[in-house]
Amino acid sequence: MDSNWANRMDSSTDTIVPSLPTGFRAVVIGASGGIGSAICDHLRTDPHIGDLVELSRDRNGFDLLDETTIAAAAGLLSAKRLHLLVCATGVLTVGDHGPEKSLRDIDPATMLLQFRTNAVGPALVAKHFLPLLDRRDRSIALFLSARVGSIGDNRLGGWISYRSSKAALNQIVKTASIELSRTHPQAVIAAVHPGTVRTRLSDPYAARHPTISSEQAAAFILHAADGLDKTGSFIAYDGREIEW
């Protein structure tokens, strides 16, 4: 991590996302997960936030694999515009199936569930929630991706299902950003790599990588989002662009 960048973040104003209007409305999907809950914790302390909606399967039955629950949640929120949408969802392991080490480890059922959770679910979130973003004021939509979803940056191989599902998510984010720019010119949409975060999802695979806490990742992500000036980006938690 760039220490100078971290210092700049620490010296920011009290509001976490100052580029959003005062009284902004935020929705966090996956609010019971490690990163999602930490993002909610930070947003609750922001003096400029007007409304924070926390959605997850555990808390209110929001099921990323069931479009009816996604559409219902969006319908309940449609009366007022959104300014910040965070889709903090994802799955790396399915049951006792961890990331594949080689082609011979591919299991079609596991691969399909990876795609349903990491790509199809967020696509449905985009379908139902992106139209709720404010058309006049600045708004931000973030979808948690992963650096290993980068095709250009893939130099190690392995993890085929997870890599491919996150690459699919990146394409969904890019395509959605183009479509939404026609109706929401102030909206900025991005796929975000949160870093190697100390969560249940990543702990078994983080031994050789520097890690950060969920709280640190959440603060970095929100700060990076505040500085976004180009929609359809794929960025790391420190705001640096990642090749597709």
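## Terms and model

A residue is called buried when its relative accessible area is under 20%, exposed when over 50%, and partly exposed in between, with a 1.4 Å probe and protein chains only. The model is predicted, so that local features need pLDDT of at least 70 and side-chain atom pairs count only at pLDDT 80 or more, while totals for chains, interfaces and linings use all residues. Residues are numbered from 1 along each chain as its sequence is written, and side-chain values use heavy atoms, with hydrogens and water left out.

## Aromatic pair

Rings of Phe, Tyr and Trp (its six-membered ring) pair if their centres lie within 6.5 Å, and count as stacked with planes under 30 degrees apart, edge-to-face over 60 and tilted for the rest; four aromatic pairs result from this rule. In one of them, Trp159 and Tyr162 have ring centres 6.0 Å apart and planes at 75°, so the pair is edge-to-face. Tyr162 is buried at 9% relative accessibility, whereas Trp159 is partly exposed at 26%.

## Nonpolar cores

A nonpolar core is a set of buried Ala, Val, Leu, Ile, Met, Phe, Trp, Tyr and Cys residues joined through side-chain atoms within 4.5 Å. The largest has 34 residues, of which Ile39, Leu43, Leu84 and Leu142 touch the most other members. Another core, of 32 residues, lies apart from it and includes Leu85, Leu132, Phe143 and Ala187.
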